[in-house]
Amino acid sequence: MYEKIIVDADICIKLGCSKKYPFLKEVLPLLANEIFMHYYAFNEIITPGSAKQQLEDLISQNKLILVNEMTLNSQERHIYDMIFNQLTNVMIDPRKPNKNKGEVCSLAYAKVKGIPIFVTDECDLQPIIDTQLNTGLNDIHCLRIIDIIKMGKNGEINLPRKKAKNIWLISKKDKTEFDCSIWPIL
């Protein structure tokens with residue numbers, strides 16, 4: 001379990017896509033003592049409604065804290081703006097100014113506030129974080145669905161195989177890969 005994490009919209013959509021299986025509100029509290037989400041990323045989630053509802057449930061239970069740069073002091077805000085602009089130059093296409101903006105806002109906030117884990121399912125994001133943000137001070141690491149599954153497999157969190165497999169499948173990932181290489185039945 002981590003002390004602090006910040007979550008991205010993409011993983012919330014994948015884990016929260018089912019009313020029947022509320023994996024989003026079950027899994028996030030297993031991962032950290034403090035869970036943050038940037039308002040911009042939160043507002044990116046329009047569908048599925050079940051994901052938004054699970055996030056709202058976590059907020060009402062004080063298990064998820066919505067954040068934004070407006071609450072930062074002037075020094076933190078200056079650093080946030082610098083990081084935001086640096087990431088924007090690398091991650092945002094001017095022709096699609098809102099694509100990846102949730103990630104940029106979240107990562108800039110995480111860097112300023114020392115939140116070391118970014119929960120996302122973006123597979124190509126860690127190299128960008130490594131080159132643009134990670135200097136050895138307040139480094140940020142991505143935690144993806146496969147990493148969460150491995151945490152369950154290794155007994156780091158209470159995530160039984162059956163539930164892990166359902167999370168894998170609901171995230172539209174390959175069943176054979178799960179059974180053969182991720183968490184084979186021994």
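How closely do the axes of H5 and H6 approach, and at what angle do they cross? They come within 9 Å and cross at roughly 140 degrees. Before going further, a word on the numbers: this is a predicted model, where local features need pLDDT of at least 70 and side-chain atom pairs count only at pLDDT 80 or more, while totals for chains, interfaces and linings use all residues. Residues are numbered from 1 along each chain as its sequence is written, and side-chain values use heavy atoms, with hydrogens and water left out.

Helices (H or I, at least four residues) and strands (E, at least two) are DSSP runs numbered from the N terminus. Axes are lines fitted to C-alpha atoms, for helices over the stretch in contact, with angles from 0 to 180 degrees between N-to-C directions.

| Helix pair | Axes come within | Crossing angle |
|---|---|---|
| H5 and H6 | 9 Å | roughly 140 degrees |
| H5 (residues 74-91) and H7 (residues 125-132) | 11 Å | roughly 135 degrees |

H5 is oblique to H6, and H5 and H7 are oblique to each other too; angles under 35 degrees count as roughly parallel, over 145 as roughly antiparallel, 65 to 115 as roughly perpendicular and the rest as oblique.

Contact means heavy atoms within 4.5 Å. Among the residues that meet are Ile79, Tyr80 and Ile83 in H5 and Val104, Leu107 and Ala108 in H6. On the H7 side, Gln86, Leu87, Val90 and Met91 of H5 make the contact with Leu125, Ile128 and Gln132 of H7.

Arg77 also lies in helix H5. Its relative accessibility is 26%, so Arg77 counts as partly exposed (buried means under 20% relative accessible area, exposed over 50%, partly exposed in between, with a 1.4 Å probe and protein chains only). Leaving aside residues up to four places away in sequence, Arg77 touches Glu69, Met70 and Leu72. The C-alpha atoms of Arg77 and Val112 are separated by 8.3 Å, although these residues are 35 apart along the chain.

**The sheet**

Five strands form an open sheet in the order S3-S2-S1-S4-S5, with parallel pairing; two strands pair if DSSP finds at least two bridges between them. Its edge strands are S3 (65-67) and S5 (141-143), each pairing on one side only. From one strand to the next, the twist averages 35 degrees. Strand S1 (residues 2-7) pairs with strand S2 (residues 32-38) over 4 bridges, and Ile6 has Phe36 as its bridge partner in S2. Helix H6 (residues 101-113) lies across S1, S2, S3 and strand S4 (117-119), running at about 155 degrees to S1.
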